[in-house]
Amino acid sequence: MAVSDASGATTGVARKSSRYNWSEVIVAALFVLPFIVVYGVIFVWPTIQMVWLSLHNAPLIGPGKWVGFDNYVKLFKDRLFSVAFWNTAYFVLLTVVPSTILGLLIALGINRLKGWAQSAILACFFIPHILPVSVVFRIWGWMFDSQFGILQYPIEAITGDHLPVFRTLPLFMPTVAWITIWWGVGFNILLFIAGLRNISPEIYEASELDGATRWQQFSRITWPLIWPVTVLVLTIQLILQFKIFDQVYLFGNGGRVDATMTLVQMIFRNAFQKNMGGYGATVAVVLFAIIVIFSVLQYQLLRARGGEK
Amino acid sequence: MGTVDLQHVTKRYGNVEVITDLSLKIEEGSFTALLGPSGCGKSTLLRMIAGLEEITIGSCFIDGVDQTETPPSKRGTAMVFQSYALYPHMTVRQNIAFSLSLAHASRQVQAQQVERVSKMLQLDQLLDRRPAQLSGGQRQRVAIGRALVRDPKVFLFDEPLSNLDAALRSQMRVELAKLHQDVKTTMIYVTHDQVEAMTLADKIVVLDKGVISQQGSPLELYNQPANKFVASFIGSPAMNFIAAELGSKNGNAYTVTLPGGHSASIATRGGTASGNSVDVGVRPEHLRLGAAGAAGTSFDGKVGIVEQLGNSTLLYVDTPAGTLIVEAEGNLKVAVGDSVGLTLDPSRSHLFGADGKVI
């Protein structure tokens, strides 16, 4: 910076020093400190501990023996890990894109409604989202109950007999995926409606004058403009569904648990049921890495593609 | 071509009637301004012509063909919105060519049309930009370009300049006037700004609460307002209204006694007054400033506020008739508190009856 005279330079320095005086720095640090402490205590430190634990043959609590990457070598040879990985991947495939598409379609429908009807229908779709998983388990457990479940009527009409859906392996994951979509689609709808409301109605009127059909309005206006929200929903769903545990655990309980196992369930079993903290941590580290890689990749790729449009 | 004929049009939203039995003919190639305050129904009327609002009762003919039930894109109208309504994810080129691309025009035709329109509106350097990268005036030009490329029979403008600053607004006003001279297409222009209406239009339709208050050329409306609403709405600063006592009628003129005791003889426009009180309407520039107490003065008063605008001076004079606005020459030497005399020009004054209509 060019300074014309000495007094000007002095003023500049004085300003600079007053801008960063110690009392302000301390106040700023005090404001930031609670976040750093909480973030460090409940995220950074446990994550480091988890990685550290995965390098040991150790129980959940207490010291263990350093084994280096042995746990990882063992994990990639573990047949159950392979089952858990593919089950989780299959579940992600069955839920992420369908729940995003369904959310968008329902949001488009709700967005066309007006006034109280819009609020009422939106509430109907959102209510399942506020239910705890135990209630969801009960509701669908009853509905699919092989003796008296109401859904056995259509199942019987199609197959000719009652069917224990949660004990029929090929039907297990698709059914739990459907229940998960039903449970969580309300949140996607909410995000999409927020995105749709950001599109000015005058843009649709202008396109109507330009001669756009309803499909052209969707494909040329709504879809490109809602794309950032779609990317967000897909990413949230991807992270959420990779962590699938509760529904599979509850519906699979009493059945062929090993055949329906997912990655978080595997962590739970090793760490909490078998007290193999080190091995459980190894699965957790791998899952953490998978989620980080997939979600960051997906978000960046989809966002970049949206930008090119 | 490009005539618009609205016949007995009524528009209701539920129980609320915003347009009542309105009939209006718009000539081919004319520039018609629909003028009125907020909520008078002018935008609704325009949207009904565009087909964006349904007509509750009545018909809309464009070029003699009943278009009441025709979808917006088939009416041959193009609209420029107040918010511009540009497609934010498309470039200027794509925005302008959107209607052509929807109609599956060849790339060559699209490129030719975009070039024609963008040259006309000086947008040729901006074709690859998105709306977010444009200034207000440039966005407005893109919106006009998007309308222009469709070669419409009728252009509809819905307060297109109200989002622009004062300097840009007057610049765009000139550009719109030029555009109309160039394309000679029928234009219908909604505004609440009487200056825009006066400068751009060859015909102004003043709307009040969903009915036409008066229609005519700008000067007709300015010089011969049909009622107090039009008289007060057209002209800035607004016309002064002075409650006066009605005296005798001599031929075509009434003698009125003004507050303060002076009298004046004001010609009617052929009407007859009922009752014994009228409102005298006189524009600020038709009140002559003189010395207080001079012979022939209509009012004596004291200057309350002085606004020096450079080309003219506006005086707010406290008189027995209330505060009257006077427009005087620009370099007038007058101070707040000065006593002045005001003389109204009887030949430029108007008489309004109790119902607000001109007499």
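This is a predicted model: local features need pLDDT of at least 70, side-chain atom pairs count only at pLDDT 80 or more; totals for chains, interfaces and linings use all residues.
Residues are numbered from 1 along each chain as its sequence is written, and chains are lettered from A and ligands numbered from 1 in the order in which they are written.

Q: How many helices and strands does chain B have?
A: Helices (H or I, at least four residues) and strands (E, at least two) are taken as DSSP runs, numbered from the N terminus. The C-alpha trace that carries them spans about 80 × 45 × 35 Å along its principal axes. Counted in this way, chain B has 8 helices and 20 strands.

Q: How far apart are the C-alpha centres of the two domains of chain B, domain 1 and domain 2?
A: The bounds come from an automatic or database domain assignment, which gives domain 1 as 4-227 and domain 2 as 240-352. Between the C-alpha centres of these domains the distance is 39 Å.

Q: Which strands stand at the edges of the open sheet of 5 strands in chain B?
A: Two strands count as paired if DSSP finds at least two bridges between them, and the order in this sheet is E13-E12-E11-E14-E20, with antiparallel pairing. Each edge strand has a single partner strand, so one side of each is left without a neighbour in the sheet. The strands in this position are E13 (263-267) and E20 (350-352).

Q: Which residue is the bridge partner of B:Lys249 in E12(B)?
A: Strand E11 (residues 240-250) and strand E12 (residues 253-257) of chain B pair in the antiparallel sense over 4 bridges. Within this pairing, the partner of B:Lys249 in E12(B) is B:Tyr254.

Q: Which residue of E19(B) is the bridge partner of B:Phe299?
A: Strand E19 (residues 339-344) of chain B pairs with strand E15 (residues 287-290) in the antiparallel sense over 4 bridges, and there B:Arg288 has B:Thr343 as its partner. Strand E16 (residues 299-308) is also joined to E19(B) by 4 bridges, again antiparallel. In E19(B), the partner of B:Phe299 is B:Leu342.

Q: Where in chain B is the proline of the cis peptide bond from B:Ser236?
A: The peptide bond from B:Ser236 to B:Pro237 is cis, with omega near 0 degrees. B:Pro237 is found in the loop between helix H8 (228-233) and E11.

Q: Is B:Asp128 buried or exposed?
A: A residue is called buried if 20 or more other C-beta atoms lie within 10 Å of its own, exposed if 12 or fewer, and partly exposed in between, with C-beta atoms placed from the backbone. B:Asp128 sits in the loop between helix H3 (107-120) and helix H4 (136-148) of chain B. Since B:Asp128 has 10 other C-beta atoms within 10 Å, B:Asp128 is exposed.

Q: What is the phi of B:Glu159, which is not a glycine?
A: B:Glu159 lies in the loop between strand E7 (154-158) and helix H5 (166-183) of chain B, and with 19 other C-beta atoms within 10 Å B:Glu159 is partly exposed. Phi here is positive, at about 40 degrees.

Q: How many residues does the largest nonpolar core have?
A: A nonpolar core is a set of buried Ala, Val, Leu, Ile, Met, Phe, Trp, Tyr and Cys residues joined through C-beta atoms within 7 Å. Those with the most contacts inside the largest one are B:Leu34, B:Ile49, B:Leu156, B:Ile188 and B:Tyr189, and the core has 98 residues.

Q: How many charged residues are on the side of chain B that touches chain A?
A: Two residues are in contact if their C-beta atoms, placed from the backbone, lie within 7 Å, and the contact takes 15 residues from chain B and 15 residues from chain A. Helix H2 (92-102) of chain B is among the contributors with at least two residues, and H2(B) gives the largest share, 3 residues. Ala, Val, Leu, Ile, Met, Phe, Trp, Tyr, Cys and Pro count as nonpolar, Asp, Glu, Lys and Arg as charged, and the others, Gly among them, as polar. By these classes, the side of chain B has 11 nonpolar and 4 polar residues, and the charged residues number none.
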